[in-house]
Amino acid sequence: MQREVDAGPRLNFADFVTLVITFFSLGVTLQVLLIDIGTSQVRAFIASSVIFSATSQFAYLAVKDAGGSEWPAILAGVIVATRFGILAVSLRPRLPEGRLRRLAATVNAFDPNVAIAVQQAEPKAAEREFWRTTAAMMLGWFSGVAVGTFLGDVLGDTSRLGLDAVFPAALLAIMGNLLRTRDGRTAGITGGLLCLVLIPLAPPGLPIILSLGGVVVAVALSTEPRLSKSGTP
Amino acid sequence: MTTLSIIALTIGVWGQRLLGGFVVGPWLERQPTLTRAAKLIPAAVVTAVIVQLTVADGRTLVADARLAGVLVAGVLVWRKAPFLVVVLGAAVTTALLRAL
């Protein structure tokens with residue numbers, strides 16, 4: 001295999017369709033669950049359209065559900081969204097020229113589009129694959145959110161369908177690659193255990209916030225050399 | 001979801017991308033240890049959210065059909081199953097256990 005020839009993966013039609021279906025199902029599920037716990041259809045539609053982060057919405061709702069107050073719940077939602085900040089950092093070396101184009105790509109940083117963009121050898125290809133992936137995600141998400149908003153009223157008891165297991169499972173799949181690395185696994189297991197122990201003890205919201213301690217433990221236990229030669233993931 | 005939470009989360013989610021891409025990013029790239037720590041944040045906090053969504057009922061810990069579903073998802077992720085298979089596996093396991 002010659003390295004020059006390897007231009008990076010392309011989003012083919014099957015990948016495009018899979019992404020649309022994936023984001024469609026997530027959008028539907030999120031809406032149905034939001035409406036099931038008592039959010040009005042209009043509010044659920046607006047929330048999922050503008051926040052566009054099921055992780056943050058779920059972190060917020062989990063804290064509220066545990067009896068937490070507004071700000072700890074919001075803080076938990078914002079902390080889990082650091083994922084998107086990190087994705088924006090990873091995307092930096094692959095950002096296109098031009099202020100507006102950089103801005104547009106940065107605010108749309110998600111797991112699938114950043115993953116494909118950083119694997120491209122050519123900047124032009126990186127931008128093209130980034131936006132094709134983004135288009136698939138958006139198409140799936142917004143149609144899913146729209147359909148889910150209507151289904152929410154029709155479906156009834158969602159726990160019967162096992163929908164409450166969908167989001168933890170989806171998050172696990174998203175984090176799969178990171179949890180496969182040694183440091184990622186240490187951070188994940190420690191963070192998860194901290195949260196588990198703290199749920200019955202600490203005020204709602206704090207278990208998620210304090211799970212950040214898992215990062216400290218992972219860095220302390222890391223066997224990676226102190227100075228890596230580059231910051232690329 | 002309250003109006004306050006919708007506004008605050010929107011700013012928090014989209015704002016962090018701008019922070020990462022334009023403010024913290026350029027500085028962070030020169031701090032290898034901090035960069036590594038920052039990349040581990042999602043592993044810790046997202047796992048915490050997974051735990052909360054899987055075994056918490058309010059502030060009590062419960063082991064129910066959800067846990068079984070997420071465990072099945074864990075095995076599927078470990079075996080590198082496609083995303084939709086993972087999600088469906090979790091939902092079907094949970095639904096079947098509840099139907100019993």
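Predicted model: local features only at pLDDT ≥ 70, side-chain atom pairs only at ≥ 80, totals over all residues.

Q: OK, and which residues is Val107(A) in contact with, leaving aside its neighbours within four places in sequence?

A: Those would be Trp14(B), Arg17(B) and Leu18(B).

Q: And where is Ser211(A) relative to Val107(A), in sequence and in space?

A: In sequence, 104 residues separate Val107(A) and Ser211(A). In space they are 26 Å apart, going from C-alpha to C-alpha.

Q: Back to the two chains. How many residues of chain A and chain B are in contact?

A: On the chain A side, 97 residues are in contact with 64 residues of chain B.

Q: How much area do chain A and chain B bury between them?

A: About 7000 Å², and 73% of that is on carbon and sulfur atoms.

Q: How many salt bridges cross the interface of chain A and chain B?

A: The rule finds two. In one salt bridge, the side chain of Glu29(B) meets that of Arg92(A), at 3.0 Å from N to O. There are also 18 residue pairs in polar contact between chain A and chain B, counting pairs with both residues at pLDDT 80 or more.

Q: Which helix gives the most to the side of chain A that touches chain B?

A: That's helix H9 of chain A, residues 166–180, which gives 14 residues. Taken by class, that side of chain A has 59 nonpolar, 26 polar and twelve charged residues.

Q: New topic: salt bridges in general. How many are there over all chains?

A: Searching the whole structure turns up ten. Arg101(A) and Glu127(A) form a salt bridge through their side chains, 2.7 Å from N to O. This pair links distant parts of the chain, with Arg101(A) in helix H6 and Glu127(A) in helix H8, 26 residues apart.

Q: Which residues line the largest cavity?

A: The lining is made up of Leu91(A), Arg94(A), Pro96(A), Ala105(A), Ala126(A), Glu127(A), Phe130(A) and Trp131(A). So Glu127(A) turns up again here. Helix H8 of chain A, residues 123–155, gives the most to this lining, with four residues.

Q: And by class, what does the lining of the largest cavity have?

A: Six nonpolar residues, two charged ones and no polar ones.

Definitions and conventions
Residues numbered from 1 in each chain as written. Chains lettered and ligands numbered in written order. Heavy atoms only, no water. Contact = heavy atoms within 4.5 Å. Buried area = accessible area lost by both parts, 1.4 Å probe. Salt bridge = Lys/Arg side-chain N within 4 Å of Asp/Glu carboxyl O. Polar contact = N/O pair within 3.5 Å; in protein donor to acceptor, adjacent residues only side chain to side chain. Helix = DSSP H or I, 4+ residues; strand = E, 2+ residues; numbered from the N terminus. Nonpolar A, V, L, I, M, F, W, Y, C, P; charged D, E, K, R; others polar. 1 Å grid on protein atoms, 1.4 Å probe; cavity = no way out; pocket = protein on both sides within 12 Å on 5 of 7 lines; lining within 4 Å.
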